Amino acid sequence: MPEITSRRGLLFGTAAVSAGVLLAGCTSNESDDEPASNDQPAADDKPGKQVTIGFAGPQADHGWLNAINDNAKSRAKKYKDVTLEITEGSNDTAQQIGQIETLINKKVDVLVVLPADGKALTQVGLQAMRAGIPVVNLDRIFNSPQAYRCWIGGDNYGMGLNAGHYIGEQLKDKKGARVIELAGLDNLELTKQRTQGFDAALKNYPNIKKVARQAAEFTVESGQAKMSQLLQAQSNFDALWNHDDDQGVGALRAIEQAGRDDFLMVGGAGALSAMQAIESDNSVLKATVLYPPTMAASAIDLARALGQAKGVSGLAEFEIPSSLTLYSAVVDKENVKTYLPTGFK
């Protein structure tokens with residue numbers, strides 16, 4: 001398939017761009033020549049060309065998804081040169097495709113899409129790109145890199161990895177340490193990736209054994225039910241990793257009802273309630289690993305830069321990267337005050 005060209009003449013090929021290494025030029029240590037400077041304008045807060053951004057996401061039926069919408073809206077309001085056309089969220093793929101097609105027909109300058117199903121919406125992403133509308137694919141990735149100009153999202157494997165290392169460091173001196181895992185929906189690839197990362201991290205600690213795992217459904221009710229089952233089956237363990245802070249609310253209820261306080265718990269995603277519990281330090285919940293909904297705000301920044309044909313401030317390249325994977329930081333009592341403003345309800 002030929003490369004796709006935007007209305008501004010920028011090429012949207014499929015080559016990956018690394019944001020981790022900035023190489024301005026290659027010179028020997030003995031050369032007195034200065035490397036060529038990049039005078040390409042980078043996006044900043046100063047008003048520039050007016051940009052209309054179309055935003056389409058799934059139904060906000062989860063605290064994290066609601067935070068995604070809030071982050072996108074608040075970021076767009078920050079810029080006087082941005083108009084945000086936002087659709088009503090839908091988990092129905094056909095309806096979301098129709099909403100995106102409406103935005104394409106409106107000829108928005110850039111699209112930001114968090115698909116309800118990345119595979120099912122790949123074709124409409126391709127449709128937008130072929131129409132000359134660059135797409136910022138948010139988190140749930142399309143099947144083809146030709147369906148987006150830039151992907152930005154979280155690191156599910158890294159989330160599990162950091163949870164495992166945090167627990168490992170807490171238990172590294174305990175002989176015969178036992179951990180359990182409260183996962184999310186097992187039919188989702190993200191759940192599998194989180195478990196894979198968690199298991200990989202624990203391999204660095206030969207004294208630790210994972211003795212049980214239950215899959216919940218990212219809801220308070222399922223978290224409480226599955227945690228009750230784990231507590232009944234496991235009378236003795238030292239740590240719990242829960243994939244999701246929303247279901248963690250239910251898990252904490254089950255733990256309190258059982259009168260257990262003999263282990264530490266690590267959550268996932270970065271809910272405000274979890275951070276407040278960590279700050280209070282009066283429960284088993286001692287940390288949470290972020291899956292930051294602030295990625296939606298960053299997606300608006302990237303879309304604005306695309307619409308204005310600018311690069312990213314702080315990077316040497318003329319254009320924005322083709323892929324940005326966000327880091328899953330661990331929030332505990334040492335740094336919770338820093339991250340509290342990012343917690344979602």
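Author: A residue counts as buried under 20% relative accessible area, as exposed over 50%, and as partly exposed in between (1.4 Å probe, protein chains only). Ala-177, at 1% relative accessibility, therefore counts as buried. The model is predicted: local features need pLDDT of at least 70 and side-chain atom pairs count only at pLDDT 80 or more, while totals for chains, interfaces and linings use all residues. Residues are numbered from 1 along each chain as its sequence is written, and side-chain values use heavy atoms, with hydrogens and water left out.

Reader: In which strand is Ala-177 found, and which residues does Ala-177 touch?

Author: Helices (H or I, at least four residues) and strands (E, at least two) are DSSP runs numbered from the N terminus; contact requires heavy atoms within 4.5 Å. Ala-177 belongs to strand S9, residues 177-183. Leaving aside residues up to four places away in sequence, Ala-177 touches Leu-171, Asn-207, Ile-208, Lys-209 and Asp-238. Pro-206 is 29 residues from Ala-177 in sequence, and the two C-alpha atoms are 9.3 Å apart in space.

Reader: How many residues does the largest nonpolar core have?

Author: Such a core is a set of buried Ala, Val, Leu, Ile, Met, Phe, Trp, Tyr and Cys residues joined through side-chain atoms within 4.5 Å. Here the largest one has 76 residues, and those with the most contacts inside it are Val-112, Leu-138, Ile-167, Met-227, Leu-240, Ile-255 and Val-266. Helix H9 (residues 295-307) supplies the largest share of this core, eight residues. A second, separate core has 18 residues, including Ile-100, Val-108, Val-124 and Met-129.

Reader: What does Leu-138 touch, not counting residues up to four places away in sequence?

Author: The partners of Leu-138 are Phe-55, Ile-68, Val-112, Val-113, Leu-114, Pro-115, Ile-152, Met-295, Ala-296 and Ala-299.

Reader: How is a helix to be read, and which residues of H2 are buried?

Author: One may begin with length: the expected span is 1.5 Å times one less than the number of residues. Helix H2 (residues 93-105) has 13 residues and reaches 18 Å from its first C-alpha to its last, close to the expected 18 Å. The buried residues of H2 are Gln-96, Gln-99, Ile-100, Leu-103 and Ile-104. These fall within an arc of 145 degrees seen down the axis of H2, so they line one face of the helix; the arc is taken from the directions from the helix axis to the C-beta atoms. The face turned away from that buried side carries the exposed residues Ala-94 and Asn-105. Covering the buried residues of H2 are, among others, strand S4 (51-56), strand S5 (82-86), strand S6 (110-113) and helix H3 (122-130).

Reader: Which residues of H6 are buried, and what covers them?

Author: Helix H6 (residues 220-233) has 14 residues that should span 20 Å, and its end C-alpha atoms are 20 Å apart, which agrees. Ser-222, Gly-223, Met-227, Leu-230 and Leu-231 are the buried residues of H6. They cover an arc of only 160 degrees around the axis, which puts them on the same side of H6. Glu-221, Gln-232 and Ala-233 are exposed on the face turned away from the buried side. The cover over the buried residues of H6 includes S9, strand S10 (208-215), S11 and helix H7 (245-258).

Reader: How many aromatic pairs does the structure hold?

Author: Rings of Phe, Tyr and Trp (its six-membered ring) pair if their centres lie within 6.5 Å; planes under 30 degrees apart count as stacked, over 60 as edge-to-face and the rest as tilted. The structure holds three such pairs. One of them is tilted and joins Trp-64 and Tyr-291, at 5.6 Å centre to centre with 50 degrees between the planes. This pair links distant parts of the chain, 227 residues apart: Trp-64 is in helix H1 (residues 63-78) and Tyr-291 in the loop between strand S13 (285-290) and H9. Both Trp-64 and Tyr-291 are buried. In another pair, the ring centres of Phe-198 and Trp-241 are 5.2 Å apart and the planes at 35 degrees, so this pair is tilted. Phe-198 in helix H5 (residues 189-202) and Trp-241 in strand S11 (residues 239-242) are 43 residues apart.

Reader: Which residue has its charged end over the ring of Tyr-79?

Author: A charge sits over a ring if NZ of Lys or CZ of Arg is within 6 Å of the ring centre and within 35 degrees of the ring normal. Arg-304 has its charged end over the ring of Tyr-79, 4.0 Å from the centre. Arg-194 lies over the face of Tyr-291, at 5.1 Å from the ring centre.
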